[in-house]
Amino acid sequence: VNGAKDAIEEPDGTIWLSGGLGLIQVPARAREVARVPTRVAITALRADQTELPIQGDFTLPYQSNRLEVRASAFSYRDPARIRYRYRLRDRDDWSDSVSDPVFRFYNLAPGDYSLSVAASLSGADWTSITSSVPFRVLRPWYLHPLFFACLIAIAAALGWWLYRLRVTRL
């Protein structure tokens, strides 16, 4: 209000303003703002100090897969009030909410992931459209089908060689 000289707030949230126009009452309900969930975006991805593309999926090696994800949510309010949460797969539960927009993951198990991040101002109303990034963690070399095929081929060749050695000895 232009030209207000004094303001008093009552315990219920009602504000009384005095000025050249007289005494003005501003009810508490007039100051209530709907807490619309803020939009969230993943702004940076790093794996072992290497920047990764935010769009499109990527692949991480087995064991050496330190992943750092930075999220950002736009709000005109105090940024410290924004809460973030994540989940690594769509079927997983959401993590506990935190105020830090940076998530770090170490030694993820092999498999396919779809990291989703959500934000909230109130901690109760979360963004319905989350920001997500698909990625894959590779299996160790000794669990690949090609390794098993080579192992079977070596065992068969060794068995055939031992058989031929025994036949020539007889």
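Modeller: Start with Ser 120, which counts as buried because its relative accessibility is 0%. Buried means under 20% relative accessible area, exposed means over 50%, and partly exposed lies in between, with a 1.4 Å probe and protein chains only. The model is predicted: local features need pLDDT of at least 70, and side-chain atom pairs count only at pLDDT 80 or more, while totals for chains, interfaces and linings use all residues. Residues are numbered from 1 along each chain as its sequence is written, and side-chain values use heavy atoms, with hydrogens and water left out.

Ser 120 belongs to strand 10, residues 111-120. A strand here is a DSSP run of E, at least two residues, numbered from the N terminus. Leaving aside residues up to four places away in sequence, Ser 120 touches Arg 81, Ile 82, Arg 83, Asp 125 and Trp 126; contact means heavy atoms within 4.5 Å.

Strand 10 also holds Asp 112. The side chain of Asp 112 meets that of Arg 136 in a salt bridge, 2.7 Å from N to O. A salt bridge is a side-chain nitrogen of Lys or Arg within 4 Å of a carboxyl oxygen of Asp or Glu. Side chains of opposite charge can pair when their charged atoms come close. Arg 136 sits in strand 11 (residues 131-137), so this pair links parts of the chain 24 residues apart. Asp 112 is partly exposed at 46% relative accessibility, and Arg 136 is partly exposed at 41%.

By this rule there are 4 salt bridges. Among them is Arg 66 with Asp 48, whose closest N and O atoms are 2.8 Å apart. Arg 66 lies in the loop between strand 6 (58-60) and strand 7 (67-73), and Asp 48 in the loop between strand 4 (40-47) and strand 5 (50-51), so the pair ties together parts 18 residues apart in sequence. Arg 66 is partly exposed, with 47% relative accessible area, as is Asp 48, with 26%.

Another one joins Arg 104 to Glu 68, with 3.4 Å between the closest N and O atoms. Arg 104 is in strand 9 (residues 102-105) and Glu 68 in strand 7, so parts 36 residues apart in sequence are tied together. Arg 104 is partly exposed at 45%, and Glu 68 is partly exposed at 25%.

Methods
Helix = DSSP H or I, 4+ residues; strand = E, 2+ residues; numbered from the N terminus.
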